[in-house]
Amino acid sequence: MHLLFQGDSITDADRLFYPEYHGYGYGYVGMIAKELVPQGYQVTNKGCNGHRTQELIRRWDRDCIRLHPDVVTILIGVNEIWTGMDGGEKTSPEQFCENLEFLVKETIEKTKARVILMEPFVFPYPAERLLWRKQLDEEIQVVRYLARKYKTGLVCLDGLFAKASIRYSFDELTPDGVHLTTLGHCMLKDAWMEEF
């Protein structure tokens with residue numbers, strides 16, 4: 001069974017920079033690969049730093065359809081917010097929905113893969129990340145809507161990390177409110193495994 005992971009830097013996790021990561025990255029995909037590859041699963045990480053749904057669409061045929069995956073997991077959305085907040089190109093929730101729906105439909109129609117969608121998330125750390133919350137909530141609703149519409153898998157990360165931040169300090173889970181520590185990646189891995 002071929003498991004394909006798609007997304008931004010959270011999925012990428014320096015997968016191409018260090019040989020010891022074997023192309024999986026240091027994050028949740030690498031943790032999943034360590035557990036499942038010895039059982040005979042094929043794991044491919046195609047996450048790319050800085051990518052948004054727009055970039056995924058451009059490379060979807062090459063980096064998804066042609067790979068003939070059995071399960072496609074998509075974690076995307078935070079860069080739509082980050083880029084806009086930094087003065088770059090803004091992505092509306094409506095455009096995010098249109099783009100993500102295109103990716104889901106292409107995958108369902110052109111492969112036999114099961115799709116698993118994961119919610120984007122942001123920690124209120126540093127405090128200015130709270131300004132991201134409105135758009136994040138809209139994107140989360142998009143992901144849930146598409147999961148219902150297309151009967152995909154769904155990993156609800158926003159609530160998971162909100163709950164985790166009661167037990168752990170923010171800096172135990174994230175260095176910047178967006179990326180994850182080893183502990184955060186381990187929690188994400190466990191949530192994905194439960195859905196899988």
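Entry 1

I take a residue as buried when its relative accessible area is under 20%. I apply this to a predicted model. Glu55, at 15% relative accessibility, therefore counts as buried. Its salt-bridge partner is Arg58, with the closest N and O atoms 3.4 Å apart. Arg58 is exposed, at a relative accessible area of 66%. I noted that Arg58 and Glu55 are three residues apart in helix H3 (residues 53-63), about one helical turn.

I then looked up a second pair in H3. The side chains of Arg59 and Asp63 meet in a salt bridge at 3.1 Å, N to O. Arg59 and Asp63 are four residues apart in helix H3, again separated by about one helical turn. An α-helix has 3.6 residues a turn, so residues three or four places apart point the same way. Arg59 is buried at 4% relative accessibility, and Asp63 is buried at 7%.

Entry 2. Other salt bridges

I recorded a count of 15 salt bridges. One of them joins Lys189 to Asp190, with the closest N and O atoms 3.0 Å apart. Lys189 is buried, with a relative accessible area of 12%, whereas Asp190 is partly exposed at 40%. I also found that salt bridges with shared partners join Arg52, Glu55, Arg58 and Glu89 into one network.

Entry 3. Helix H9

I examined helix H9 (residues 182-195), which has 14 residues. From first C-alpha to last, H9 reaches 20 Å, close to the 20 Å expected at 1.5 Å a residue. The buried residues I listed in H9 are Gly184, His185, Met187, Leu188, Lys189, Ala191 and Trp192. Trp192 also belongs to a cluster linked by ring pairs, together with Phe5, Tyr28, Tyr41 and Phe196.

Entry 4. Aromatic pairs

I noted ten aromatic pairs. Among them, Trp82 and Trp132 form a tilted pair, 5.5 Å centre to centre with 55 degrees between the planes. Trp82 lies in helix H4 (residues 78-85) and Trp132 in the loop between strand S4 (114-118) and helix H6 (133-150), so this pair ties together parts that are 50 residues apart in sequence. Trp82 is partly exposed at 22% relative accessibility, whereas Trp132 is buried at 4%.

I next looked up Phe123 and Phe161. Their ring centres are 5.3 Å apart and their planes stand at 50 degrees, so the pair is tilted. Phe123 lies in the loop between S4 and H6, and Phe161 in helix H7 (residues 157-167); the pair therefore ties together parts 38 residues apart in sequence. Phe123 is buried, with a relative accessible area of 3%, and Phe161 is buried, also with 3%.

I returned to Trp82 to ask which residue lies over its face. Arg129 does, at 5.1 Å from the ring centre.

Entry 5. Strand S4 and its neighbours

I found four of the five residues of S4 buried, so S4 is largely enclosed by the rest of the structure. Strand S3 (residues 71-75) runs parallel to S4 and is joined to S4 by five bridges. Here Ile74 stands opposite Leu117 in S4. S4 also pairs in the parallel sense with strand S5 (residues 153-155), over three bridges. In that pairing I noted Met118 opposite Val155 in S5. The chain passes from S4 through H6 to S5, and I recorded this β-α-β crossover as right-handed.

Conventions: Residues are numbered from 1 along each chain as its sequence is written. This is a predicted model: local features need pLDDT of at least 70, side-chain atom pairs count only at pLDDT 80 or more; totals for chains, interfaces and linings use all residues. Side-chain values use heavy atoms; hydrogens and water are left out. Rings of Phe, Tyr and Trp (its six-membered ring) pair if their centres lie within 6.5 Å; planes under 30 degrees apart count as stacked, over 60 as edge-to-face and the rest as tilted. Helices (H or I, at least four residues) and strands (E, at least two) are DSSP runs, numbered from the N terminus. Buried means under 20% relative accessible area, exposed over 50%, partly exposed in between (1.4 Å probe, protein chains only). A charge sits over a ring if NZ of Lys or CZ of Arg is within 6 Å of the ring centre and within 35 degrees of the ring normal. The expected span of a helix is 1.5 Å times one less than its number of residues. Two strands pair if DSSP finds at least two bridges between them. A crossover is right-handed if, with the strands pointing away from the viewer, the path from the first strand over the helix to the second runs clockwise. A salt bridge is a side-chain nitrogen of Lys or Arg within 4 Å of a carboxyl oxygen of Asp or Glu.
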